[in-house]
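Please consult the sequence and the coordinates alongside the text.

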Amino acid sequence: MTSVSTSTRQENQGFRTLLGRFPFLPALFILVVLLVLNGIFEPNSLSFRSLTGLVRTYMALMLLAVAQTYVVYAAEIDLSVGAIASLVNVTIIVLMQNWGGGGLSVLAALGVGVLVGLACGLVNGFVVAALRLQAIVATFATSIFFTGLALVILPVAGMPAPTVFWRTYGGTFFGIPFVFYAAVALAFLLYLFARTRLATQLLAVGDGQQAAFQSGLPVTTIRIGGYVLCGVFAALAAFCITGDTASGDPLVGAKMTLFSVAAVVLGGSALSGGFGTVAGSVIAALIIGLINSLVFFAGTPSHWQNFVQGLAILAALMVGVLVSRRGRA
């Protein structure tokens with residue numbers, strides 16, 4: 001009896017150690033299950049073309065989930081990521097059109113888009129970290145402000161993106177879809193950033209602001225840095241939205257904010273801060289995409305689809321969170 005009990009404790013300890021190193025494992029398991037289920041209901045969904053379409057459509061949500069993860073690292077939240085994406089989307093569309101829609105004008109507009117995202121992040125960081133307003137309330141207010149700016153820039157959805165832009169995003173190079181180059185570049189960027197001092201400091205602040213302050217860390221600056229990163233990645237998400245929809249829409253990111261929060265939680269990050277990975281958030285964004293596909297392939301009536309999607313995402317969240325919580329207990 002004693003040996004059985006010891007063996008069980010060792011297995012539990014091993015399980016916790018594994019989840020501590022790779023907190024995204026529950027999300028990865030759910031991803032594989034959903035891929036299999038999608039393949040059962042629609043075998044063509046596992047084809048290279050379908051998977052390319054999935055990545056192309058949900059690349060924006062992956063980037064928004066990454067953006068949200070960096071503020072969650074420091075025990076913050078940003079309810080304005082969708083509004084930032086909308087603002088950048090309409091800004092670059094209008095600039096591209098006004099500057100002629102050529103290659104150089106597209107690149108210049110993208111540069112301005114990154115600066116807009118960075119500026120939005122600075123605003124959020126200032127009101128939350130410097131003015132010490134509650135993040136959930138402050139970023140909700142700035143989301144309304146950013147949406148208002150987007151509506152001023154482009155009051156009605158529909159201005160088309162230059163052909164060179166959306167054809168590049170949806171095109172192939174040397175037989176490989178552009179989105180896979182973008183995914184590889186994103187993975188490399190995240191790998192490099194994970195080894196920077198700011199990433200470690202964000203986790204340290206999330207683990208305990210008082211302790212981080214007493215150890216000499218510039219807590220306010222680090223929190224602002226998290227929001228700036230969030231704004232920049234939201235701008236990158238806007239580029240993907242623009243490439244996928246080929247048009248401008250001042251409200252296009254509104255529905256994606258809460259999906260980004262759900263992806264962070266499902267990916268194994270703790271909303272209380274100090275624990276998580278961007279890899280888990282990216283996997284969870286794909287899970288949300290696969291759930292949407294599965295609901296469609298299963299032939300769910302249109303008036304039931306939102307209900308079933310919400311239920312499935314809730315079930316995935318419960319499984320992921322319960323397994324992660326057991327691993328950290």
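This is a predicted model: local features need pLDDT of at least 70, side-chain atom pairs count only at pLDDT 80 or more; totals for chains, interfaces and linings use all residues.

**Packing of H3 and H8**

Helix H3, spanning residues 48-73, packs with helix H8, spanning residues 178-194, at an angle of about 30°, and their axes are 10 Å apart. Because angles under 35 degrees count as roughly parallel, H3 is roughly parallel to H8. The crossing of the two helices, H3 and H8, is left-handed. On the H3 side, the contact involves Phe48, Thr52, Val55, Arg56, Met59, Leu63, Val66 and Tyr70. Their counterparts in H8 are Val179, Phe180, Ala182, Ala183, Leu186, Leu190 and Phe193. Sorted by class, the contact of H3 with H8 comprises 13 nonpolar residues, one polar residue and one charged residue.

**Aromatic pairs**

A pair of aromatic rings is described by the distance of the centres and the angle of the planes. Across the whole structure, a search finds 10 aromatic pairs. Two of them are set out in the table.

| Pair | Distance of centres | Angle of planes | Class |
|---|---|---|---|
| Tyr70 and Phe233 | 5.6 Å | 45° | tilted |
| Trp304 and Phe307 | 5.3 Å | 75° | edge-to-face |

Tyr70 belongs to helix H3 and Phe233 to helix H11 (residues 219-245), so this pair ties together parts that are 163 residues apart in sequence. Tyr70 and Phe233 are both buried. Together with Tyr73 and Phe193, Tyr70 and Phe233 form one aromatic cluster. Tyr70 and Phe193 are also listed among the residues through which H3 and H8 meet.

Trp304 and Phe307 are three residues apart in helix H14 (residues 302-328), and about one helical turn separates them. Trp304 counts as partly exposed, at 43% relative accessibility. Phe307 likewise counts as partly exposed, with a relative accessibility of 48%.

**Positive phi angles**

Most residues other than glycine have a negative phi. Arg132 is not a glycine, yet has a positive phi of about 60°. Arg132 is located in the loop between helix H5 (103-130) and helix H6 (135-153). Its relative accessibility is 63%, so Arg132 counts as exposed.

Phe174, another residue other than glycine, has a positive phi near 55°. The position of Phe174 is the loop between strand S1 (172-173) and strand S2 (176-177). With 83% relative accessibility, Phe174 counts as exposed.

Ser281 is part of helix H13 (residues 278-297). The relative accessible area of Ser281 is 0%, so this residue is buried. Neighbours within four places in sequence aside, Ser281 is in contact with Ala65, Thr69, Ala263, Val264, Gly267 and Ser269.

Leu46 is placed in the loop between helix H2 (25-41) and H3. At a relative accessibility of 40%, Leu46 counts as partly exposed. When residues up to four places away in sequence are not counted, Leu46 touches Leu35, Gly39 and Leu51. Gly14 lies 32 residues from Leu46 along the chain, and the C-alpha atoms of these two residues are separated by 33 Å.

Technical notes. Residues are numbered from 1 along each chain as its sequence is written. Side-chain values use heavy atoms; hydrogens and water are left out. Axes are lines fitted to C-alpha atoms, for helices over the stretch in contact, and angles run from 0 to 180 degrees between N-to-C directions. Helices (H or I, at least four residues) and strands (E, at least two) are DSSP runs, numbered from the N terminus. Angles under 35 degrees count as roughly parallel, over 145 as roughly antiparallel, 65 to 115 as roughly perpendicular and the rest as oblique. A crossing is left-handed if the near helix is turned anticlockwise from the far one by less than a right angle, and right-handed if clockwise. Contact means heavy atoms within 4.5 Å. Ala, Val, Leu, Ile, Met, Phe, Trp, Tyr, Cys and Pro count as nonpolar, Asp, Glu, Lys and Arg as charged, and the others, Gly among them, as polar. Rings of Phe, Tyr and Trp (its six-membered ring) pair if their centres lie within 6.5 Å; planes under 30 degrees apart count as stacked, over 60 as edge-to-face and the rest as tilted. Buried means under 20% relative accessible area, exposed over 50%, partly exposed in between (1.4 Å probe, protein chains only).
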